[in-house]
Amino acid sequence: MNLFRSEEHIVRWLDGRTPGATISAVALCDLAHAWWGDRVSPDWRPHTRDQNQLILDSLGLTGAFWQLP
Amino acid sequence: MDDIDIALRNTTYGLFVEFGRAPTVDETAGRAGMASADVALGWQRLHDAHALVLYPGTDELRMANPFAARPTPYRVHAGGRSWYANCAWDAFGICAALHSDGRIETACADCGDEITVHVVDRKPVTDDDIAFHCLVPASHWWDDIVFS
């Protein structure tokens, strides 16, 4: 889960490997806030699988790649 | 994960934030009012539940996601402190978890050029046209969380 200067750099880094998913820094930042926002709360409770999937779905991260087990 | 383990997990995370580094078993035991051996056993259960990550065969914290216990290529300055993150997602996650603006310092995983991203009001600010790539599908992230 890395940052790259551009999508061209991702293609070069993959070097023929099957690509995963590429999203913008804005989308990543939105995802991070939705996913990690409660992690240091003293009242934190574990997320269920469905809660986490809803976070992905609500941000448009859909399709087989983003399906949690 | 029962309530006792959740409380231990939350104490551990609180110490990680307070210290600016990973707490030890003994430090956590002192704060939680538990025996060190019980903290070690609890951490192992939390590791098995993917609530934190230990170094294999030890009771040393490796990850309390999004925080990393040892230096990584992702340095995050937030809330007047500095942290290491486990990956790019976690780097933004530290700002999110702390509810803070911040600055992420890293490098392009391809060419090694420095990348700096500021997080201001929950949005990234950068001069670069950067992109995030996730290689491993979500269904396999925990097969090898360190690689993912």
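Start by selecting helix 1 of chain B and colouring its buried residues: B:Leu8, B:Arg9, B:Thr11, B:Thr12, B:Tyr13, B:Leu15 and B:Phe16. Here a residue is buried if 20 or more other C-beta atoms lie within 10 Å of its own, exposed if 12 or fewer, and partly exposed in between, with C-beta atoms placed from the backbone. Helices (H or I, at least four residues) and strands (E, at least two) are DSSP runs, numbered from the N terminus.

Before going on, note that this is a predicted model, in which local features need pLDDT of at least 70 and side-chain atom pairs count only at pLDDT 80 or more, while totals for chains, interfaces and linings use all residues. Residues are numbered from 1 along each chain as its sequence is written, and chains are lettered from A and ligands numbered from 1 in the order in which they are written.

**Stop 1: around helix 1 of chain B**

Keep residues 3-19 of chain B selected. This helix has 17 residues and reaches 24 Å from its first C-alpha to its last, close to the 24 Å expected at 1.5 Å a residue; the expected span is 1.5 Å times one less than the number of residues. Now show what covers its buried residues: the cover includes helix 2 (25-32), helix 3 (36-48), strand 2 (61-64) and strand 3 (67-68) of chain B.

**Stop 2: the eight-stranded sheet**

Next, show the strands of chain B. Eight of them form an open, antiparallel sheet in the order 1-2-3-5-4-6-7-8. Two strands pair if DSSP finds at least two bridges between them. Strand 1 (53-54) and strand 8 (123-125) of chain B are at the edges with a single partner strand each, so one side of each has no neighbour in the sheet.

Zoom in on strand 4 (residues 74-78) and strand 6 (residues 102-107) of chain B, which run antiparallel and are joined by four bridges. B:Val76 has B:Ile104 in strand 6 of chain B as its bridge partner.

Move on to strand 7 of chain B, which pairs with strand 6 of chain B in the antiparallel sense over six bridges. These two strands form a hairpin with six residues between them, and B:Gly112 in the turn has a positive phi of about 85 degrees.

**Stop 3: the nonpolar core**

Which residues have the most contacts inside the largest nonpolar core? Select A:Leu28, A:Ala32, B:Val76, B:Ala85, B:Ala88, B:Phe92 and B:Ile94, which hold that place in a core of 57 residues. Such a core is a set of buried Ala, Val, Leu, Ile, Met, Phe, Trp, Tyr and Cys residues joined through C-beta atoms within 7 Å. Helix 4 (residues 88-98) of chain B gives the most to this core, with nine residues.

**Stop 4: where the chains meet**

Now bring chain A into view. The contact takes 37 residues from chain A and 42 residues from chain B; two residues are in contact if their C-beta atoms, placed from the backbone, lie within 7 Å. On the side of chain A that touches chain B, helix 2 of chain A gives the largest share, nine residues. Helix 2 of chain A lies across strand 7 (114-120) and strand 8 of chain B, at about 140 degrees to strand 8 of chain B. Axes are lines fitted to C-alpha atoms, for helices over the stretch in contact, and angles run from 0 to 180 degrees between N-to-C directions.

**Stop 5**

Finish with the open sheet of three strands in the order 1(A)-9(B)-2(A), paired antiparallel. Strand 1 of chain A is joined to strand 9 of chain B by three bridges, and A:Leu3 has B:Phe132 as its bridge partner. Strand 2 of chain A pairs with strand 9 (residues 131-134) of chain B over four bridges, and A:Ser24 stands opposite B:Ala131.

Last, click on A:Ser6, in the loop between strand 1 and helix 1 of chain A. With 15 C-beta neighbours inside 10 Å, A:Ser6 counts as partly exposed. Leaving aside neighbours within four places in sequence, A:Ser6 is in contact with B:Asp129 and B:Ala131.
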